[in-house]
Amino acid sequence: MLTLLSLRPPPPAVANILPSAAAAQSRPPLLRARRTAGPPPPSAAAAEFPAGSVPGSGTQMPPRRRRLVAGIDQDELLDPDALADPDSSFYEYNGVRVHHKVCAHGEDEDSGGQSSGSAVARSQVGLPIVLLHGFGASVFSWSRVMRPLARIAGAKVLAFDRPAFGLTSRTRRSGDDTKPLNPYSMAFSAMATLAFIDQLGAGKAVLVGHSAGCLVAVEAYFEAPERVAALVLVAPAIFAPRKGEKENSAGEQEGADKKESDDNNAAPNPFARIWGGFLGMCMWLAGLVLKLVMAVQDTVRALSTKVLVAFLRSSLAASLVRLIMDKFGVTGVRNAWYDPSKVTDHVIQGYTKPLRFKGWETALLEYTISMITDTSPKSRVPVSKRLSEISCPVLVVTGDTDRLVPASNAERLARAIPGATLEVIKNCGHLPQEERAEEFLSVVERFLQRAFGTPDEHVFQAAV
């Protein structure tokens, strides 16, 4: 019975449907894509909900992997204009759009909260201030003190982002780049500082540098000392000679002169002359070998530098920078404070905001390459050996518990600069202008009043 039923032809209704199905299979893809309304297939739902479960499917989709750096999705990087604040400005210098902010004296001024000392400073100083941030920072690091400094100075205060940091445009360089001035070089930062003094319409200004920004301030001073009224060096990352180095060298020279004098007064000895000639020949041969070794070292160093530069410009190096910032970026900000528990989310967001800028990692690597391949003339004397040439008023500020640049270095720096004033802020880390803003402002105000606060207002000309 079952066998006979299975061999029966299908009913007419079913027979009419089967040819239609076969025809549908032979239709072109565009026609086959047309379908009646109904619930979407599982694949469509998965496309609409890629990061979680599909509603009604009963299945859990794996979350989409996100490339994060310090908590920021690198797939959603933005241009600097989209990240700029309402008070941000951009100034093009040597082909680079430099992000900066200007706080003018008298803007949103609260007359009820000003001290008498500030009023004296406003009437007697009249010098603009240019703020120079440190490594890995931006104009954000000055946000707490810009407006008070404008009141203290009685003039404009300007802070700008150096290339590779903040919202200043990133420039990708190559090995055959022929631009006259590398935007990531120290020379560019120093010249940009002087350009901003011109933009303020001032003959001279007070330069306030923090950490690596102190080196920029000093370089700008040596480039044009007549343009710098005073230097304020906060947690300065400038090598300062240790006490006794000059005395030791002088003592060695004195001992050598004394020995030479004794040798000249001694009676002639033929054996001593022969022995001296032999030692002289050995020293000559040793010098020749040393020159050959140094030549080989220079060649090896040049080759290794090229290899290192090629690696730093690779995609692998960019990935490593992202990984390092993701793992240690926020930790580095917290360690810069005396009390890391007081670092707020606002501070973290301020420091990680530039990481949302397209090309931030390549610019940071280019900055590193610039430090490695600095081609400054060998005849140029290092800044650490020219500190005694600084003649303008200098204030050195440091935190007593700075973990990044020890306070002892700031003390040596203050001793190396003639007439420099040293101020140590208690219970403070590497960022006095952020962690101890009130004490920092008080120290700077006292310094400016001592340097420029005189009853005779005609001693100097206002620079604004």
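Which residues in α8 meet which residues in α9? Keep that in mind as you open this predicted model.

**Stop one: the helix pair.** Select residues 186–199 for α8 and 212–223 for α9; their axes come within 8 Å and cross at roughly 70°. The two helices are therefore roughly perpendicular to each other, and their crossing is right-handed. Now show side chains. On the α8 side you'll find Met186, Ser189, Ala190, Met191, Thr193 and Leu194, and they meet Leu215, Val216, Glu219, Ala220 and Glu223 of α9. Sorted by class, this contact has seven nonpolar, two polar and two charged residues.

**Stop two: α9 by itself.** From first C-alpha to last, the twelve residues of α9 reach 17 Å, close to the 16 Å expected at 1.5 Å a residue. Ten of those twelve residues are buried, so α9 is largely enclosed by the rest of the structure.

Most residues other than glycine have a negative phi. Pick Ala235, in the loop between β8 and α10 (245–265): its phi is positive, about 45°, although it is not a glycine. Ala235 is buried, with a relative accessible area of 0%.

Then jump to Asn427, in the loop between β10 (421–425) and α16 (432–435). Asn427 also isn't a glycine, and its phi is positive at about 50°. Is Asn427 buried or partly exposed? It is partly exposed, with a relative accessible area of 37%.

Notes:
Residues numbered from 1 in each chain as written. Predicted model: local features only at pLDDT ≥ 70, side-chain atom pairs only at ≥ 80, totals over all residues. Heavy atoms only, no water. Axes fitted to C-alpha atoms, helices over the stretch in contact; angles between N-to-C directions. Helix = DSSP H or I, 4+ residues; strand = E, 2+ residues; numbered from the N terminus. Parallel < 35°, antiparallel > 145°, perpendicular 65-115°, else oblique. Left-handed = near helix turned anticlockwise from the far one by under 90°. Contact = heavy atoms within 4.5 Å. Nonpolar A, V, L, I, M, F, W, Y, C, P; charged D, E, K, R; others polar. Expected span 1.5 Å × (residues − 1). Buried < 20%, exposed > 50% of the residue type's maximum accessible area, 1.4 Å probe, protein only.
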